[in-house]
Amino acid sequence: EDEALDGAELERMSDDELAARIEGIAVFARVHPAQKLRIVAAYQKRREVVAMTGDGVNDAPALVKADVGVAMGITGTEVAKQAAKIVLADDDFATIVAAVEEGRVVYRNIKKVVLLLFSSSAAEVLVLLLALLCGFPPPFAAVQILWNNLVTEGLVTVNLIMEPAEGDEMRRPPISPDEPLLSRTLLTRMGFIVPAIVVSTLGWFVARTAAGVPVELVRTETFTLLAICEWWNVLNCRSESKSAFALGLLRNPWLLAGLLAGNLLQIAVVFWAPLARVFHTVPIGAAEVVALGVVGSLVLWVEEIRKLCVRRRARRVRLGSQA
(Lines give C-alpha, C1' and ligand atoms only; values in the text may rest on other atoms or scores of the structure.)
Protein backbone atom coordinates (compact mmCIF):
# COMPACT_ATOMS: atom_id res chain seq x y z
CA GLU A 1 0.00 0.00 0.00
CA ASP A 2 3.04 2.30 0.19
CA GLU A 3 3.70 4.92 -2.47
CA ALA A 4 6.71 6.60 -4.07
CA LEU A 5 7.11 10.34 -4.44
CA ASP A 6 9.49 12.41 -6.56
CA GLY A 7 10.79 15.92 -5.93
CA ALA A 8 8.22 17.61 -8.20
CA GLU A 9 5.29 15.99 -6.38
CA LEU A 10 6.87 16.77 -3.02
CA GLU A 11 7.21 20.43 -4.04
CA ARG A 12 3.44 20.69 -4.46
CA MET A 13 2.74 19.36 -0.95
CA SER A 14 2.51 21.55 2.13
CA ASP A 15 4.50 20.65 5.26
CA ASP A 16 1.33 19.61 7.09
CA GLU A 17 0.24 17.37 4.22
CA LEU A 18 3.68 15.80 4.05
CA ALA A 19 3.67 15.07 7.79
CA ALA A 20 0.21 13.49 7.49
CA ARG A 21 1.13 11.25 4.55
CA ILE A 22 4.79 10.47 5.23
CA GLU A 23 4.16 7.15 7.02
CA GLY A 24 2.74 5.76 3.79
CA ILE A 25 5.57 6.94 1.53
CA ALA A 26 8.26 4.30 1.04
CA VAL A 27 10.51 6.04 -1.51
CA PHE A 28 11.47 9.66 -2.19
CA ALA A 29 13.23 10.16 -5.53
CA ARG A 30 15.00 13.08 -7.22
CA VAL A 31 14.83 15.35 -4.17
CA HIS A 32 17.07 18.38 -3.65
CA PRO A 33 18.75 19.39 -0.34
CA ALA A 34 15.93 21.61 0.92
CA GLN A 35 13.43 18.80 0.36
CA LYS A 36 15.58 16.38 2.36
CA LEU A 37 15.31 18.85 5.21
CA ARG A 38 11.51 18.87 4.85
CA ILE A 39 11.41 15.07 4.96
CA VAL A 40 13.48 14.95 8.14
CA ALA A 41 11.34 17.70 9.72
CA ALA A 42 8.12 15.87 8.76
CA TYR A 43 9.23 12.71 10.57
CA GLN A 44 10.34 14.72 13.60
CA LYS A 45 6.96 16.47 13.64
CA ARG A 46 5.46 13.02 14.23
CA ARG A 47 7.88 12.56 17.17
CA GLU A 48 9.96 10.03 15.26
CA VAL A 49 13.69 9.67 15.90
CA VAL A 50 15.34 10.28 12.53
CA ALA A 51 18.63 8.86 11.31
CA MET A 52 19.97 10.33 8.07
CA THR A 53 22.73 8.73 6.03
CA GLY A 54 24.60 10.68 3.37
CA ASP A 55 27.93 11.24 1.67
CA GLY A 56 27.64 14.42 -0.42
CA VAL A 57 27.76 18.14 0.23
CA ASN A 58 24.04 18.40 -0.51
CA ASP A 59 23.31 15.95 2.33
CA ALA A 60 24.95 18.17 4.97
CA PRO A 61 21.86 20.25 5.97
CA ALA A 62 19.73 17.14 6.53
CA LEU A 63 22.60 15.41 8.37
CA VAL A 64 22.67 18.33 10.82
CA LYS A 65 18.87 18.45 11.17
CA ALA A 66 18.44 14.73 11.81
CA ASP A 67 18.61 13.33 15.34
CA VAL A 68 21.49 11.16 14.21
CA GLY A 69 23.46 12.08 11.09
CA VAL A 70 25.55 9.25 9.64
CA ALA A 71 28.22 10.03 7.02
CA MET A 72 30.21 7.63 4.87
CA GLY A 73 33.84 7.50 5.93
CA ILE A 74 35.36 6.22 2.67
CA THR A 75 33.25 7.84 -0.06
CA GLY A 76 31.84 10.75 1.97
CA THR A 77 32.89 14.34 1.50
CA GLU A 78 34.60 16.25 4.28
CA VAL A 79 31.55 18.50 4.59
CA ALA A 80 29.28 15.50 5.19
CA LYS A 81 31.66 14.05 7.79
CA GLN A 82 31.81 17.35 9.68
CA ALA A 83 28.01 17.68 9.64
CA ALA A 84 27.34 14.13 10.88
CA LYS A 85 27.35 12.79 14.43
CA ILE A 86 28.58 9.37 13.28
CA VAL A 87 31.03 8.47 10.52
CA LEU A 88 30.98 4.92 9.11
CA ALA A 89 34.64 4.06 8.69
CA ASP A 90 33.82 1.06 6.44
CA ASP A 91 30.79 2.51 4.55
CA ASP A 92 28.88 -0.65 5.56
CA PHE A 93 25.27 -0.14 6.67
CA ALA A 94 25.48 -3.33 8.75
CA THR A 95 27.85 -1.40 11.01
CA ILE A 96 24.90 0.85 11.94
CA VAL A 97 22.99 -2.19 13.20
CA ALA A 98 26.01 -3.31 15.23
CA ALA A 99 26.36 0.20 16.67
CA VAL A 100 22.68 0.33 17.67
CA GLU A 101 23.04 -3.03 19.43
CA GLU A 102 26.17 -1.89 21.25
CA GLY A 103 24.47 1.35 22.25
CA ARG A 104 21.53 -0.57 23.71
CA VAL A 105 23.92 -2.82 25.66
CA VAL A 106 25.73 0.22 27.11
CA TYR A 107 22.46 1.97 28.03
CA ARG A 108 21.11 -1.21 29.60
CA ASN A 109 24.28 -1.64 31.66
CA ILE A 110 24.11 1.97 32.86
CA LYS A 111 20.59 1.28 34.15
CA LYS A 112 21.84 -1.88 35.90
CA VAL A 113 24.49 0.14 37.71
CA VAL A 114 21.98 2.86 38.60
CA LEU A 115 19.66 0.21 40.06
CA LEU A 116 22.49 -1.33 42.10
CA LEU A 117 23.71 2.01 43.48
CA PHE A 118 20.28 3.46 44.24
CA SER A 119 18.89 0.32 45.87
CA SER A 120 22.02 -0.32 47.97
CA SER A 121 22.33 3.30 49.10
CA ALA A 122 18.61 3.65 49.87
CA ALA A 123 18.66 0.43 51.92
CA GLU A 124 21.74 1.56 53.84
CA VAL A 125 20.14 4.90 54.72
CA LEU A 126 16.86 3.26 55.78
CA VAL A 127 18.63 0.73 58.01
CA LEU A 128 20.49 3.51 59.82
CA LEU A 129 17.43 5.75 60.07
CA LEU A 130 15.01 3.07 61.28
CA ALA A 131 17.47 1.76 63.86
CA LEU A 132 17.92 5.24 65.33
CA LEU A 133 14.16 5.95 65.28
CA CYS A 134 13.54 2.69 67.16
CA GLY A 135 16.05 3.66 69.85
CA PHE A 136 18.85 1.29 68.89
CA PRO A 137 22.53 2.29 68.62
CA PRO A 138 23.88 2.88 65.07
CA PRO A 139 24.15 -0.47 63.22
CA PHE A 140 27.41 0.61 61.52
CA ALA A 141 30.43 2.65 62.50
CA ALA A 142 31.12 5.64 60.23
CA VAL A 143 34.31 4.07 58.89
CA GLN A 144 32.35 0.90 58.04
CA ILE A 145 29.90 2.93 55.93
CA LEU A 146 32.86 4.46 54.13
CA TRP A 147 34.34 1.01 53.48
CA ASN A 148 31.02 -0.26 52.17
CA ASN A 149 30.54 2.66 49.78
CA LEU A 150 34.09 2.77 48.43
CA VAL A 151 35.16 -0.88 48.44
CA THR A 152 32.18 -3.24 48.61
CA GLU A 153 30.07 -1.29 46.10
CA GLY A 154 33.01 -0.03 44.05
CA LEU A 155 34.38 -3.46 43.24
CA VAL A 156 31.12 -4.68 41.70
CA THR A 157 29.73 -1.43 40.29
CA VAL A 158 32.60 -0.81 37.89
CA ASN A 159 32.58 -4.45 36.78
CA LEU A 160 28.81 -4.60 36.26
CA ILE A 161 29.17 -2.03 33.47
CA MET A 162 31.21 -4.68 31.60
CA GLU A 163 28.20 -7.02 31.44
CA PRO A 164 27.92 -8.58 27.94
CA ALA A 165 24.78 -8.43 25.79
CA GLU A 166 21.82 -10.51 26.98
CA GLY A 167 20.96 -11.45 23.38
CA ASP A 168 17.54 -9.83 23.03
CA GLU A 169 18.66 -6.21 22.57
CA MET A 170 17.55 -5.99 18.93
CA ARG A 171 14.19 -7.67 19.64
CA ARG A 172 13.21 -5.04 22.18
CA PRO A 173 11.33 -1.88 21.15
CA PRO A 174 13.36 1.30 20.71
CA ILE A 175 14.02 3.39 23.82
CA SER A 176 11.88 6.50 23.92
CA PRO A 177 13.87 9.75 24.08
CA ASP A 178 11.47 10.84 26.85
CA GLU A 179 12.10 7.78 29.01
CA PRO A 180 13.68 8.83 32.34
CA LEU A 181 16.74 6.97 33.58
CA LEU A 182 14.77 6.12 36.72
CA SER A 183 12.00 4.41 34.78
CA ARG A 184 8.86 2.89 36.29
CA THR A 185 10.34 -0.60 35.91
CA LEU A 186 13.52 0.39 37.73
CA LEU A 187 11.57 2.03 40.56
CA THR A 188 9.33 -1.05 40.82
CA ARG A 189 12.38 -3.26 41.16
CA MET A 190 13.72 -0.97 43.88
CA GLY A 191 10.38 -1.41 45.63
CA PHE A 192 11.21 -5.12 45.99
CA ILE A 193 14.97 -4.95 46.50
CA VAL A 194 15.24 -2.16 49.09
CA PRO A 195 12.72 -3.63 51.60
CA ALA A 196 14.37 -7.06 51.28
CA ILE A 197 17.79 -5.63 52.18
CA VAL A 198 16.31 -3.55 55.01
CA VAL A 199 14.35 -6.46 56.49
CA SER A 200 17.29 -8.87 56.43
CA THR A 201 19.92 -6.37 57.68
CA LEU A 202 17.87 -4.49 60.26
CA GLY A 203 16.09 -7.67 61.33
CA TRP A 204 19.41 -9.36 62.06
CA PHE A 205 20.67 -6.31 63.97
CA VAL A 206 17.54 -6.05 66.12
CA ALA A 207 17.36 -9.79 66.82
CA ARG A 208 21.03 -10.07 67.79
CA THR A 209 20.90 -6.91 69.91
CA ALA A 210 17.80 -8.19 71.72
CA ALA A 211 19.63 -11.48 72.35
CA GLY A 212 22.31 -9.59 74.32
CA VAL A 213 25.15 -10.06 71.81
CA PRO A 214 27.97 -7.51 72.36
CA VAL A 215 27.56 -4.33 70.33
CA GLU A 216 30.90 -4.64 68.48
CA LEU A 217 30.06 -8.18 67.33
CA VAL A 218 26.53 -7.20 66.23
CA ARG A 219 27.92 -4.26 64.27
CA THR A 220 30.51 -6.45 62.60
CA GLU A 221 27.85 -9.01 61.63
CA THR A 222 25.46 -6.31 60.36
CA PHE A 223 28.26 -4.60 58.45
CA THR A 224 29.17 -7.92 56.81
CA LEU A 225 25.51 -8.76 56.16
CA LEU A 226 25.04 -5.48 54.26
CA ALA A 227 28.01 -6.38 52.04
CA ILE A 228 26.57 -9.86 51.44
CA CYS A 229 23.19 -8.37 50.49
CA GLU A 230 24.92 -6.17 47.93
CA TRP A 231 26.80 -9.15 46.47
CA TRP A 232 23.51 -11.02 46.06
CA ASN A 233 21.90 -7.88 44.69
CA VAL A 234 24.50 -7.43 41.95
CA LEU A 235 23.38 -10.83 40.62
CA ASN A 236 19.80 -9.47 40.57
CA CYS A 237 20.84 -6.40 38.61
CA ARG A 238 22.39 -8.37 35.75
CA SER A 239 19.00 -8.77 34.06
CA GLU A 240 15.54 -7.25 34.29
CA SER A 241 13.70 -10.53 33.69
CA LYS A 242 16.19 -13.41 33.36
CA SER A 243 16.97 -15.50 36.41
CA ALA A 244 20.36 -14.95 38.01
CA PHE A 245 20.87 -18.72 37.73
CA ALA A 246 20.44 -18.55 33.94
CA LEU A 247 23.29 -16.04 33.62
CA GLY A 248 26.60 -17.77 34.35
CA LEU A 249 29.20 -15.69 36.18
CA LEU A 250 31.78 -16.74 33.60
CA ARG A 251 29.95 -14.56 31.04
CA ASN A 252 31.40 -11.59 32.89
CA PRO A 253 34.83 -12.50 34.31
CA TRP A 254 35.27 -8.90 35.51
CA LEU A 255 32.26 -9.22 37.78
CA LEU A 256 33.44 -12.60 39.06
CA ALA A 257 36.84 -11.08 39.87
CA GLY A 258 35.15 -8.16 41.64
CA LEU A 259 33.03 -10.49 43.78
CA LEU A 260 36.03 -12.62 44.72
CA ALA A 261 38.09 -9.53 45.58
CA GLY A 262 35.22 -8.13 47.63
CA ASN A 263 34.90 -11.35 49.62
CA LEU A 264 38.63 -11.50 50.32
CA LEU A 265 38.77 -7.86 51.40
CA GLN A 266 35.75 -8.31 53.67
CA ILE A 267 37.42 -11.35 55.26
CA ALA A 268 40.56 -9.26 55.78
CA VAL A 269 38.70 -6.33 57.35
CA VAL A 270 36.96 -8.69 59.81
CA PHE A 271 39.69 -11.20 60.65
CA TRP A 272 43.00 -9.39 60.10
CA ALA A 273 43.88 -7.54 63.28
CA PRO A 274 45.49 -4.38 61.76
CA LEU A 275 42.40 -3.70 59.60
CA ALA A 276 40.01 -4.83 62.34
CA ARG A 277 41.36 -2.16 64.69
CA VAL A 278 40.82 0.55 62.08
CA PHE A 279 37.29 -0.57 61.13
CA HIS A 280 36.14 -1.55 64.64
CA THR A 281 35.40 -5.17 63.77
CA VAL A 282 35.77 -8.42 65.67
CA PRO A 283 36.00 -12.01 64.34
CA ILE A 284 32.74 -13.80 63.49
CA GLY A 285 32.08 -17.49 64.12
CA ALA A 286 31.75 -19.93 61.20
CA ALA A 287 28.10 -20.67 62.01
CA GLU A 288 27.28 -16.97 61.97
CA VAL A 289 29.04 -16.51 58.63
CA VAL A 290 26.86 -19.22 57.07
CA ALA A 291 23.74 -17.73 58.65
CA LEU A 292 24.65 -14.28 57.29
CA GLY A 293 24.98 -15.74 53.79
CA VAL A 294 21.55 -17.36 54.03
CA VAL A 295 19.82 -14.28 55.48
CA GLY A 296 21.48 -12.00 52.92
CA SER A 297 20.15 -14.14 50.07
CA LEU A 298 16.61 -12.92 50.82
CA VAL A 299 17.13 -10.07 48.34
CA LEU A 300 17.97 -12.61 45.63
CA TRP A 301 14.89 -14.76 46.21
CA VAL A 302 12.52 -11.78 46.34
CA GLU A 303 13.78 -10.55 42.98
CA GLU A 304 13.73 -14.09 41.54
CA ILE A 305 10.02 -14.36 42.37
CA ARG A 306 9.35 -10.99 40.71
CA LYS A 307 11.28 -12.05 37.59
CA LEU A 308 9.35 -15.33 37.43
CA CYS A 309 6.07 -13.40 37.49
CA VAL A 310 7.35 -11.07 34.74
CA ARG A 311 8.35 -14.02 32.52
CA ARG A 312 4.99 -15.75 33.04
CA ARG A 313 3.09 -12.57 32.24
CA ALA A 314 5.17 -12.03 29.08
CA ARG A 315 4.50 -15.64 28.04
CA ARG A 316 0.76 -15.19 28.49
CA VAL A 317 0.81 -11.99 26.43
CA ARG A 318 2.82 -13.73 23.70
CA LEU A 319 0.44 -16.71 23.58
CA GLY A 320 -2.55 -14.37 23.54
CA SER A 321 -1.17 -12.41 20.59
CA GLN A 322 -0.48 -15.62 18.68
CA ALA A 323 -4.03 -16.84 19.31
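Let's start with a term: a residue is buried when its relative accessible area is under 20%, exposed over 50% and partly exposed in between (1.4 Å probe, protein chains only). The model is predicted, so local features need pLDDT of at least 70 and side-chain atom pairs count only at pLDDT 80 or more, while totals for chains, interfaces and linings use all residues. Residues are numbered from 1 along each chain as its sequence is written, and side-chain values use heavy atoms, with hydrogens and water left out.

Now look at strand S3, residues 51-54. (Strands are DSSP runs of E, at least two residues, and helices are runs of H or I, at least four, numbered from the N terminus.) S3 runs parallel to strand S4 (residues 68-72), joined by four bridges. Alanine 51 sits opposite valine 68, and threonine 53 has valine 70 as its bridge partner.

Step back to the sheet. It is open, with three strands in the order S3-S4-S5 and parallel pairing; two strands pair if DSSP finds at least two bridges between them. S3 and strand S5 (86-88) are the edges, each pairing on one side only.

Finally, turn to helices H9 (residues 215-236) and H10 (residues 253-271), whose axes come within 11 Å and cross at roughly 175°. That makes H9 roughly antiparallel to H10, a label for angles over 145 degrees. The axes are lines fitted to C-alpha atoms over the stretch in contact, and angles run from 0 to 180 degrees between N-to-C directions. Contact means heavy atoms within 4.5 Å; among the residues making it are Phe223 and Trp231 of H9 and Leu259 and Asn263 of H10.

Definitions and conventions. Angles under 35 degrees count as roughly parallel, over 145 as roughly antiparallel, 65 to 115 as roughly perpendicular and the rest as oblique.
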